[in-house]
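Hello,

Here is the model for you to open alongside this note. My findings follow below it.

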Amino acid sequence: MSTPASYDPGPEHFQQFPSNRIIVIHPGSLYVRIGRASDLLPVKQLHCIARKRRPGGKIYRDSFVPPSVPKTKELIDELEECRLQISHTLQTYVQSNGARRYATPPQQIAAFNRRSLPEYVSEGEPWPQVQCDIVIGDLVLDIDPELPYNIHFPYKRGDFNIHSEVGGSVSSVLNDLYTIWSSIIEYKLGIPLIELVKYRCVLLIPDIYSRSHLKSLMSLLLRDLGFGHCFLVQESVGATFGAGIGSACVVDIGDQKTAISCVEDCISHKTTRLRMDYGAGDVCQALSWMFHKSAFPYKNWNENIPRDVVLMRNLYEDFCHVNLDVCGPQEKNFLVDHPGDIINKYTLQVGDECIISPLSMFYTDLLKITGPKMTKIQNRQPSDPEDPFDGEFLRDTGRKRETADPSANESQQCETANESQPTTNQDEDIVVDALEGGPADVVSLAPGQVLALDAAILQSIDRCPTEELKRKMYSNILIVGGGVKVHGLYLWLQNRLALQIPYTYKTEQLEIVTSPKDIDPASTVWKGAAVMSCLESAIELWINQSEWNKFGLRILRERAPFIW
């Protein structure tokens, strides 16, 4: 076993470890990205696994898009009210030529679409023969929905997909992660699993994390997959490295979650972290609802058929925009090319739904199509017996030191309760976590409250501990993730924020960065972790197998590049 990474003698040792032997893994709710740190782009695969059901086994199939909820009359009325609200807002704007915008009635578009008939293109290919009991990644799309396979996505809404059905336990999720990641490493990167002891791994984790999940993931990497060394990086920190920006308010719009965090010098400030339960998948469902309201010509579309979901996602990426100069009905074409069926071409007329659906991130009532949403913040977490002297121990037993650096330990990033009032007994001046309702808890979120994108950014920045940091964040807003590939979305966001920024910070230049260094926004986080792993300063972060086996969670708390 090699000597512990933290005791490496210096740059000479660092230079001996090549970047093509560092594997970077970025798991998401829809896709996983895995590649060598030396690669220009990672391998991108659907983050799912299909397992053949035993005869008489329980049926379980995760959806390829956040499932829509039953459309009650109350829900339809609410969705329609929100759609009209956005439509009326758009009509108040003028185009760049000075003409007023106008909305085409859905009834007019529906009349055209009802007359639109499929055009025969050619005979399709048959469904591929599936011989394996386990299928992973993009190949899951090649499984005939009639075949007896269960489909599992190990991540949901940006975290472990834990549920009460078959395959919903933590151990089942970890088993799925092992199978998916090991298959990609072995068959896509061409690295035999027995060789992984000679490799190092960097795993990207959510900003709002569960310590117990991190512990399980570390064991998965070092004990099960058998990497020689590894360390964990928060997604927002990876984004700043990928963009080459030292400090930023990072907005990560994924498929099923939107996460916001203010990062300063590689540290994500705990109080600024927010995660909303919506992303591009929910916007896709809103688009699908509006398309069907306007008589979508492909009548057999079904959200439970994976290929149909992929089709709708492609329409979202190809047709949706926030360009106010595009006004009135537009004719679009698309192909339906499913195995086992003929290939048909459809002509579809669209109106403002192509603008309205991405704007649902600002008018979140439209996202109720996929059920109630939540906004999560980083709460205190239970201690682990492996690490008895953690921040919780210090919080319960320690006294506030007058000279303590408040950023030295995340559990101590706080103010003393009622600091402005003299305490009756200075000996009982105990450290209190700010997120438990202390002075730093700026706004307490009501249960079930979901914040719009612009409101969430403003609240995250408002939770920054200093005025200087708030000023810095307003001038550096970094948007990453696969959900931002909508032309004009960032300009709309910029205009919304410019109207709401507190007067004190109006003098600052509001800058929104979306495609830093011409990197695909969906790969910025992965690229940042790859860059970070190759830095000389990363020597101190690596944890090896023997250290993990000996010290467990304690070594992670001491070495982690984020405040535990």
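**Salt bridges**

Asp 462 and Lys 470 meet through their side chains in a salt bridge (3.6 Å, N to O). The term means a side-chain nitrogen of Lys or Arg within 4 Å of a carboxyl oxygen of Asp or Glu. Asp 462 is partly exposed, with a relative accessible area of 33%. Lys 470 is buried, at 11%. Buried means under 20% relative accessible area, exposed over 50%, and partly exposed in between (1.4 Å probe, protein chains only).

Before you read on: this is a predicted model, where local features need pLDDT of at least 70, side-chain atom pairs count only at pLDDT 80 or more, and totals for chains, interfaces and linings use all residues. Residues are numbered from 1 along each chain as its sequence is written, and side-chain values use heavy atoms, with hydrogens and water left out.

The salt bridge count comes to 21. One of them joins Asp 282 and Lys 373 (4.0 Å, N to O). Asp 282 lies in helix 7 (residues 280-293) and Lys 373 in the loop between helix 9 (353-356) and strand 18 (375-376), so the pair ties together parts 91 residues apart in sequence. Helices (H or I, at least four residues) and strands (E, at least two) are DSSP runs, numbered from the N terminus. Asp 282 is buried, with a relative accessible area of 0%. Lys 373 is buried too, at 5%.

**Strand 12**

Seven of the seven residues of strand 12 (residues 247-253) are buried, so the strand is largely enclosed by the rest of the structure. Ser 247, Cys 249, Val 251 and Ile 253 point one way; Ala 248, Val 250 and Asp 252 point the other way.

Which strands does strand 12 join by bridges? Seven bridges join it to strand 13 (residues 258-264), running antiparallel. Four bridges join strand 12 to strand 19 (residues 477-480), running parallel. Strands pair if DSSP finds at least two bridges between them. Asp 252 has Ala 259 as its bridge partner in strand 13. Val 251 stands opposite Ile 479 in strand 19.

**Aromatic rings**

There are ten aromatic pairs. Rings of Phe, Tyr and Trp (its six-membered ring) pair if their centres lie within 6.5 Å; planes under 30 degrees apart count as stacked, over 60 as edge-to-face and the rest as tilted. Tyr 209 and Phe 562 have ring centres 5.4 Å apart and planes at 55°, so this pair is tilted. The two residues are 353 residues apart, and both are buried.

Best wishes
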